[in-house]
Amino acid sequence: MTQANVMLEFWKTWRARKAAVTSIRPLVDRTRFTNGDIADDQWLDAYMVGFLTMLITLIAQRRVQSIGSEALGIVQAAAWRDITGLPGELIGEEACLLSADSHGDFEQGCRNAATLYSVLMAQGQGSTAATATVEEDAAGLLPALDDSDIHALWSDYFERPIFGAAPCNR
């Protein structure tokens, strides 16, 4: 791989991580502000691992459509660390094990993240990676959460599971 290709991959990884973090962390911060801190063990619940890694993945792939699997793994680990404050190295192996075991809670988290992402993109009529701007890099890809339906989905898919209630299956 040439130095130019290495730099391009580094840039893609950075851009995808930044999009995921700037899209998800404000939602998590709002939850923390409203409901209090989130314990480390809550982040490592199978459902939450599936939900958060899938949401990171979908946002990263939207931002950088041609991201490779190795670069995506780096994005997931770095974004996980930036969002949760936990070491990112833990999440890759955990997600792989849960996926290989077809863990039901993990898979439900993945499905719910995909549903939430679809609604958010439809609500915001989000941009494509091809038309993304520098301002979007700073703001993330997800639209502002002003809509009550989006609030309800975030509550159902993130807040309820992380604070001990069963997630909704929509």
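Both Phe51 and Phe158 are buried, where buried means under 20% relative accessible area, exposed over 50% and partly exposed in between, with a 1.4 Å probe and protein chains only. This is a predicted model, in which local features need pLDDT of at least 70 and side-chain atom pairs count only at pLDDT 80 or more, while totals for chains, interfaces and linings use all residues. Residues are numbered from 1 along each chain as its sequence is written, and side-chain values use heavy atoms, leaving out hydrogens and water.

**Aromatic rings**

- Rings of Phe, Tyr and Trp (its six-membered ring) pair if their centres lie within 6.5 Å; planes under 30 degrees apart count as stacked, over 60 as edge-to-face and the rest as tilted.
- By this rule the count comes to 6 aromatic pairs.
- One of them joins Tyr47 and Phe51, a stacked pair at 6.0 Å centre to centre with 15° between the planes.
- Tyr47 and Phe51 both sit in helix α3, 4 residues apart, about one turn of the helix; helices here are DSSP runs (H or I) of at least four residues, numbered from the N terminus.
- Tyr47 has a relative accessible area of 3%, and Phe51 has 0%.
- The ring centres of Phe51 and Phe158 are 6.2 Å apart with the planes at 40°, so this pair is tilted.
- That pair links distant parts of the chain, since Phe51 is in helix α3 and Phe158 in helix α8, 107 residues apart.
- Through ring pairs, Trp43, Tyr47, Phe51, Trp80, Trp154 and Phe158 form a cluster.

**Nonpolar core**

- A nonpolar core is a set of buried Ala, Val, Leu, Ile, Met, Phe, Trp, Tyr and Cys residues joined through side-chain atoms within 4.5 Å.
- The largest one has 45 residues, and Trp43, Phe51, Leu55 and Phe158 have the most contacts inside it.
- At least two residues of this core come from each of α1 (3-35), α3, α4 (69-84), α5, α6 (104-124) and α8 (148-162).
- Helix α3 gives the largest share, 11 residues.
- Not counting residues up to four places away in sequence, Trp43 touches several residues, including Val28, Arg32, Trp80 and Phe158; contact means heavy atoms within 4.5 Å.

**Packing of α3 on α5**

- Helix α3 (residues 46-63) and helix α5 (residues 89-100) pack at about 110°, with their axes 10 Å apart.
- The two helices, α3 and α5, are therefore roughly perpendicular, a label for angles of 65 to 115 degrees.
- Ala46, Val49 and Thr53 of α3 meet Ile91, Glu94, Ala95 and Leu98 of α5.

Notes. Axes are lines fitted to C-alpha atoms, for helices over the stretch in contact, and angles run from 0 to 180 degrees between N-to-C directions. Angles under 35 degrees count as roughly parallel, over 145 as roughly antiparallel, 65 to 115 as roughly perpendicular and the rest as oblique.
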